[in-house]
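Here is a short tour of one protein model. Look it over, then read on.

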Amino acid sequence: MVNDSIADLLTRIRNAQTARHDSVTVETSIMKKSIAQILLDEGYISAFDEVENGNKNKNLVITLKYVNKNQKVITGLKRISKPGRRIYASCEELPRVLNGLGIVIVSTSKGVMTDREARKLGIGGEVLAYVW
């Protein structure tokens with residue numbers, strides 16, 4: 001059993017890209033689908049799809065993206081808020097990754113979104129991860 005499913009998702013993506021896999025499969029959840037949608041919208045992955053496995057559960061198949069078929073698009077993934085230590089930030093305190101070149105994934109009262117969207121709406125929340 002995995003205690004931190006978001007860290008598991010990020011680690012699987014990081015490891016699959018290091019091993020140059022085309023896709024990675026994880027168990028699905030609403031939070032993981034939201035994170036995958038953000039990664040797709042920001043251009044870090046090619047696609048994601050929900051596929052039924054043998055059980056009654058569904059898996060999320062994330063198609064990874066590479067530049068020139070050998071250089072990974074996602075240079076780094078870092079989990080910030082963890083189950084043992086939650087990190088919250090207001091709209092003004094939201095961090096910037098590489099001076100705006102990367103994104104911060106934030107869980108807000110309006111859903112999971114990037115730091116840019118949260119600043120535009122003027123809301124803060126839990127800082128989930130950095131992606132660059």
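Which residues of α1 are buried? They are Ile6, Asp8, Leu9, Leu10, Ile13, Ala16 and Gln17. Buried means under 20% relative accessible area, exposed means over 50%, and partly exposed lies in between (1.4 Å probe, protein chains only).

## About the model

This is a predicted model: local features need pLDDT of at least 70, side-chain atom pairs count only at pLDDT 80 or more, and totals for chains, interfaces and linings use all residues. Residues are numbered from 1 along each chain as its sequence is written, and side-chain values use heavy atoms, with hydrogens and water left out.

## Helix α1 and the residue after it

Helix α1 covers residues 5-18, which makes 14 residues. Helices (H or I, at least four residues) and strands (E, at least two) are DSSP runs, numbered from the N terminus. From first C-alpha to last, α1 reaches 20 Å, close to the 20 Å expected at 1.5 Å a residue. That expected span is 1.5 Å times one less than the number of residues.

Arginine 20 follows α1. It is found in the loop between α1 and β1 (23-27). Most residues other than glycine have a negative phi. Arginine 20 is partly exposed, with a relative accessible area of 43%.

Lysine 69 also has a positive phi of about 60° and is not a glycine. This lysine lies in the loop between β4 (66-67) and β5 (71-72). Lysine 69 counts as exposed, at 80% relative accessibility.

## The three-stranded sheet

Three strands form an open sheet in the order β1-β3-β2, with antiparallel pairing. β1 and β2 (45-52) stand at the edges with a single partner strand each, so one side of each has no neighbour in the sheet. The twist averages 20° from one strand to the next. Two strands pair if DSSP finds at least two bridges between them. Seven bridges join β2 to β3 (residues 58-64) in the antiparallel sense. Aspartate 49 has valine 61 of β3 as its bridge partner.

Two helices pack on this sheet. α1 touches β1 and β3, and its direction makes about 160° with that of β1. Helix α2 (residues 30-41) touches β1, β2 and β3, and its direction makes about 155° with that of β2. Contact means heavy atoms within 4.5 Å. Axes are lines fitted to C-alpha atoms, for helices over the stretch in contact, and angles run from 0 to 180 degrees between N-to-C directions.

## Strand β10 and its partners

Strand β10 (residues 125-131) is mostly covered, with six of its seven residues buried. Strand β6 (residues 77-79) runs antiparallel to β10 and is joined to it by three bridges. Strand β7 (residues 88-89) pairs with β10 in the antiparallel sense over two bridges.

Alanine 129 in β10 is the bridge partner of arginine 79. Alanine 129 is also the bridge partner of isoleucine 105. Glycine 125 in β10 stands opposite alanine 89.

## The nonpolar cores

A nonpolar core is a set of buried Ala, Val, Leu, Ile, Met, Phe, Trp, Tyr and Cys residues joined through side-chain atoms within 4.5 Å. The largest has 23 residues. Those with the most contacts inside it are Ile13, Leu39, Ile62, Ile74, Ile105 and Val131. Two or more residues come from each of α1, β1, α2, β3, β8 and β10. α1 gives the most, with five.

Apart from this core lies another, of 10 residues, among them Ile80, Val104, Val106 and Met113.
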